[in-house]
Amino acid sequence: MSHTSFQPDGPFDPAGELKPDDVCAFLFAGTGSAGVPDLPSLARSGPAAARAAADVLDAVQEGLPDGWPSLRAILLEDPAGYRAAARAPGVAQLAGYASSVAVDRALRAMGVQPGFAVGQSFGEIAAMVCAGVFAIADGARMAVSLVDVLARRGAGGGMALLEAGEDGARACIDAAAAPEVVVACLNAPSVTVVSGPDAPLEAVLETARATGVRAVRLAVPYLSHHPAMAGADDEWYATIRAFPQRPLELAVHSPVRGRAYRDDDDLHRALADCIVKPVQLPEALRAVHAAGATVFAEAGSGNALCQCARLSVPDAQTFLVPLRDRPRGHVPRPRATETARGAADAIGPDGPPVGKSAPGITPDPQV
């Protein structure tokens, strides 16, 4: 199989879909402009998943400042209230973090134990929590402070996705005479995210489109993975370094450092590096596969990173969890001729393009 899917009205039994010798890599996407993760669907998968989701939301709430809405209420008990709540800064990002950790814990409760974790951008926090490095509540505290730092220090800029490889993206930057724009993330061989101040970024978008490269602005209202954020990383590091770092319980491969983390790494510093340094996701996915991962699982809503895995790792096996609109049948691995269109949904580090839905994700106009 290249992609396991589940019938919407059938049982969700991820462990039953795996072979006895399969090893799972849990993938944690960045958060930002995705729609409401359907945690009630996850909870309906069974009592173990329901308990796991509720426990995670309660633990995340412990890490949130006074005055925050109840994530358990808006994500699990009454999700109709999510959009109103998401007008407050940071709520969408923390909902994404909580949902990723809830999926991780629910999959474990249903018999799927990860052997590896890969976090993309903001998702590195959830990946560290998955690996036991930080407590769930401390991860929430980190996420809250990161949103604050990015919003303050990265204002006046943004990010955009180009359906081009890294060399092609750099060619667009050069042609636009916009050296302030940099390659921020390589998500797949033909999917590159660039970051820069608003006006130069728009110039790169116009140049890309004029040369036949599909390009969309991401709903990320700040710079990230950009040299101009130097100093913001140190500020955030100083904030989070007090949270206890515990030994790794599984291998976490970093798309920023290009290797698996070790217990002698300063993992607070590793997280802070993500604010400034670029992401090379295909390299990390291939390294995890070479290290023994046989199946990639999306720990969160949608299938963005599963698509990145299928575009980056030949014959990658993936499966999704039912956070929104479970697929209704087998979805084959994209053929080479379909890669460009598939790339549009291998979304950026912090959500889908403005006005564009990845499969199973509804864009949130509030973000």
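This is a predicted model: local features need pLDDT of at least 70, side-chain atom pairs count only at pLDDT 80 or more; totals for chains, interfaces and linings use all residues.
Visitor: How many residues, and what share is buried?
Guide: The chain has 367 residues, and 60% of them count as buried.

Visitor: And the surface?
Guide: The accessible surface is about 13,500 Å². Carbon and sulfur atoms account for 52% of that surface.

Visitor: What share of contacts join residues at least 24 apart?
Guide: The figure is 74%, taken among contacts between residues at least 6 apart in sequence.

Visitor: What is the average pLDDT?
Guide: The chain averages 85, and 83% of the residues score at least 70. Over residues 1–10, though, the pLDDT is below 50, and this stretch has 39 contacts beyond near neighbours in sequence.

Visitor: Where else does it stay under 50?
Guide: Residues 350–367 also stay under 50.

Visitor: Fine. Which residues of H10 are buried?
Guide: Ala232, Asp233, Trp236, Tyr237 and Ile240 are the buried residues of H10. They lie on the same side of the helix, because they cover an arc of only 135° around the axis.

Visitor: Is Ala238 buried or exposed?
Guide: Ala238 is in H10, which spans residues 232–240, but it counts as exposed, because its relative accessibility is 52% and the cut-off for exposed is over 50%. Its C-alpha is 9.4 Å from that of Ala272, a residue 34 places away in sequence.

Visitor: What sits over the ring of Tyr237?
Guide: The charged end of Arg269 does, 5.0 Å from the ring centre.

Visitor: How many aromatic pairs are there?
Guide: The count is zero. The rule asks for ring centres within 6.5 Å, for Phe, Tyr and Trp.

Visitor: You mentioned H7. Where does Asp148 come in?
Guide: Asp148 is in helix H7 and counts as partly exposed, at 39% relative accessibility. Pro89 is 59 residues from Asp148 in sequence, yet their C-alpha atoms are 8.6 Å apart.

Visitor: What about Asp104, buried or exposed?
Guide: Asp104 is buried, because its relative accessibility is 1% and the cut-off for buried is under 20%. Asp104 is part of helix H5, residues 91–109.

Visitor: What does Asp104 touch?
Guide: Leaving out residues up to four places away in sequence, Asp104 touches Phe26, Phe28, Pro114 and Cys130.

Visitor: And Val321, where is that?
Guide: Val321 is in the loop between S12 and helix H14 (339–343). Although in a loop, Val321 is buried, with a relative accessible area of 7%.

Visitor: Which residues does Val321 touch?
Guide: Beyond four places in sequence, Val321 touches Phe12, Val103, Leu107, Glu298 and Gly300. Ala297 is 24 residues away along the chain, with 7.9 Å between its C-alpha and that of Val321.

Visitor: Back to helices. Which residues of H12 are buried?
Guide: H12 covers residues 281–290, and its buried residues are Leu281, Pro282, Ala284, Leu285 and Val288. Viewed down the axis, they fall within an arc of 165°, so they line one face of the helix.

Visitor: What comes just after H12?
Guide: Gly292 is found there, with a positive phi of about 130°.

Visitor: Which residues have a positive phi without being glycine?
Guide: Ala177 is one of them, with a phi of about 50°, and Asp315 is another, with about 60°. Most residues other than glycine have a negative phi.

Visitor: Where do Ala177 and Asp315 sit?
Guide: Ala177 is in the loop between helix H8 (166–175) and strand S5 (182–188). Asp315 is in the loop between helix H13 (304–312) and strand S12 (318–319).

Visitor: Buried or exposed?
Guide: Ala177 counts as exposed, at 63% relative accessibility. Asp315 also counts as exposed, at 60%.

Terms used:
Residues are numbered from 1 along each chain as its sequence is written. Side-chain values use heavy atoms; hydrogens and water are left out. Buried means under 20% relative accessible area, exposed over 50%, partly exposed in between (1.4 Å probe, protein chains only). Contact means heavy atoms within 4.5 Å. Accessible areas come from the Shrake-Rupley method with a 1.4 Å probe; for residues, only the protein chains shown count as cover. Helices (H or I, at least four residues) and strands (E, at least two) are DSSP runs, numbered from the N terminus. Rings of Phe, Tyr and Trp (its six-membered ring) pair if their centres lie within 6.5 Å; planes under 30 degrees apart count as stacked, over 60 as edge-to-face and the rest as tilted. A charge sits over a ring if NZ of Lys or CZ of Arg is within 6 Å of the ring centre and within 35 degrees of the ring normal. The arc is that of the directions from the helix axis to the C-beta atoms. pLDDT is the predictor's confidence in each residue, from 0 to 100.
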